Amino acid sequence: MPIINSIVNWINVKRIYNIDLFKQYPFNVQKETFSKLITRAKDTEWGLKYGYSDKLHIEKFQERVPLQTYEEIKPYVDRLRSGEQNLLWPEEIKWFAKSSGTTNDKSKFIPVSNETLEDCHFRGGKDVIALYTFNYPENGILKGKGLTLGGSHQINNFSNRSFYGDLSAILIENLPFWSTFIKTPTSRIALLPEWEEKLEKLTLHTIDENVTSIAGVPSWTLVLIKYILDYTGKKNLLDIWPNLELFIHGGVSFSPYRIQFNSHIPSDNMHYLETYNASEGFFFFFYDPSSDDMLLMLDYGIFYEFIPLENINDVNPPVFTVKDVELNRNYAIVISTNSGLWRYIIGDTVIFTSLFPHKIKISGRTKHFINAFGEEVMVDNSDKAIQAACNKTGATIYEYTAAPVYMNSMAKGCHQWLIEFEKQPDDMKRFTDELDSALKSINSDYEAKRYKDFALTMPIINNLKKGTFYLWFQKKGKLGGQNKIPRLSNQRIYIDELLELEKEL
């Protein structure tokens with residue numbers, strides 16, 4: 001183990017130097033990334049169509065290549081899944097990440113090349129460990145194993161030459177052989193498709209291991225933790241894994257779950273590190289323990305562009321590179337990647353909190369917000385308001401979603417929140433008041449619409465029965481993995497489905 005630590009430390013020192021380089025020269029690194037992408041793809045069907053060449057500049061690229069959504073690239077994806085190659089990227093594409101960032105019945109299948117696996121996703125995982133060990137030199141993370149709560153993968157019915165599954169499952173399937181010495185459970189258990197079976201076997205397989213880190217989506221990791229505690233009869237997770245020191249999380253905001261994790265892992269030496277590893281790529285992660293924003297990783301084979309959120313629906317919106325972005329402005333992310341996604345709008349929105357280095361906070365989704373009355377409430381707003389209300393009332397939540405109640409001839413509009421509490425507030429009215437007050441302090445548009453109940457009246461909170469959200473995921477076939485329900489929606493489809501399902505409990 002000392003030899004392994006020495007090798008890892010040597011690799012980490014070199015990598016920290018590279019990260020410091022792109023922190024100082026972000027646009028230079030991005031220009032180099034852009035040139036590599038264009039050169040690699042110039043002889044693909046896409047590259048020939050849009051005149052890729054070694055002399056193609058960023059400005060000309062932006063003129064020639066239109067912004068893309070999944071609907072625009074889907075014909076290419078369908079052809080790739082049927083076995084055609086050299087369409088978007090010159091390397092063979094046989095893996096497709098089934099997107100769980102949406103709860104629509106129709107799934108997205110995002111192409112994942114070997115280059116993306118190695119130079120983006122796996123490099124991101126290595127960088128997380130590199131920066132963690134750099135920030136906490138007395139750590140013992142490599143003295144035990146990392147527990148990963150992944151999804152499952154299947155052979156694609158469309159073609160036996162291509163495969164699909166949750167991104168986490170694709171990563172597990174393609175991990176190098178030596179990773180078996182530092183991870184748990186086995187790939188066979190990690191890739192089980194049935195959630196309940198996976199919980200049982202994962203628990204039996206890992207409770208006697210020396211687990212020092214866990215990686216997963218907070219909501220589903222909590223389900224696992226409670227299952228393990230119920231099975232073992234232990235009071236907290238440290239009674240099972242006394243050397244546990246790190247939880248690597250992503251997918252949803254951690255704020256609403258922090259209190260529960262602190263309760264289940266009562267240690268001042270426990271660290272929480274947020275990452276954003278989406279189906280399309282590994283984008284950013286928690287870098288500095290003294291702040292709560294994340295570092296944009298600029299050398300993972302992804303070229304970034306940013307559209308001001310207020311222009312997202314324009315026919316020809318302004319688009320900026322890292323050279324031109326501004327602080328404290330909402331942007332939609334556009335990416336071009338080493339899997340052949342070109343000027344692809346991924347649907348996430350961010351705010352830059354720092355330049356040199358470029359650090360961001362996730363503010364929401366381009367489609368997941370409430371703006372029924374001009375209030376423009378983003379997910380970042382709702383997460384902070386929920387956390388504030390919980391802190392003031394001693395409540396903790398398991399899950400929530402919200403949507404508008406639209407105006408009619410008899411009443412003004414409002415927001416309706418469906419919340420499944422882990423620990424209920426003693427006074428629901430006070431919780432509602434605190435939530436409303438927090439939103440007013442965070443969002444001036446919401447405050448203006450709430451002024452004297454001008455356009456919005458007091459929010460309505462439904463205290464859902466325990467198990468309602470779990471039942472919703474079960475009915476949708478979305479238990480476990482990276483699945484999540486939209487926190488906010490301008491439509492009432494999710495709220496109405498949940499209210500109907502609650503009647504079954």
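Begin with N139: a polar atom of its side chain lies 2.8 Å from the backbone oxygen of Y136. A polar contact here is a pair of N or O atoms within 3.5 Å; within protein, one must be able to donate a hydrogen and the other to accept it, and residues adjacent in sequence count only if both atoms are side-chain atoms. The model is predicted, with local features requiring pLDDT of at least 70 and side-chain atom pairs counted only at pLDDT 80 or more, while totals for chains, interfaces and linings use all residues. Residues are numbered from 1 along each chain as its sequence is written, and side-chain values use heavy atoms, leaving out hydrogens and water.

Stay on N139 and display the backbone nitrogen of I141, which the side chain of N139 reaches at 3.1 Å. N139 itself sits in the loop between α6 (114–135) and β3 (145–148). Helices (H or I, at least four residues) and strands (E, at least two) are DSSP runs, numbered from the N terminus.

Next, select β3. This strand pairs in the parallel sense with β7 (residues 211–216) over four bridges, and K145 has V211 as its bridge partner in β7. β3 also pairs in the parallel sense with β6 (residues 183–184), over two bridges; there, G146 stands opposite K183. Two strands are said to pair if DSSP finds at least two bridges between them.

Move on to K359, in strand β15 (residues 359–365). Is K359 buried or exposed? K359 counts as buried because its relative accessibility is 9%; buried means under 20% relative accessible area, exposed over 50%, and partly exposed in between (1.4 Å probe, protein chains only). Show the side chain of D293, with which the side chain of K359 makes a polar contact at 3.3 Å. Leaving aside neighbours within four places in sequence, K359 is in contact with D288, S291, D293, M294, L295, I351, F352, T353 and S354.

Finish at F473, in helix α15 (residues 468–476). With 2% relative accessibility, F473 is therefore classed as buried.

Note on methods: Contact means heavy atoms within 4.5 Å.
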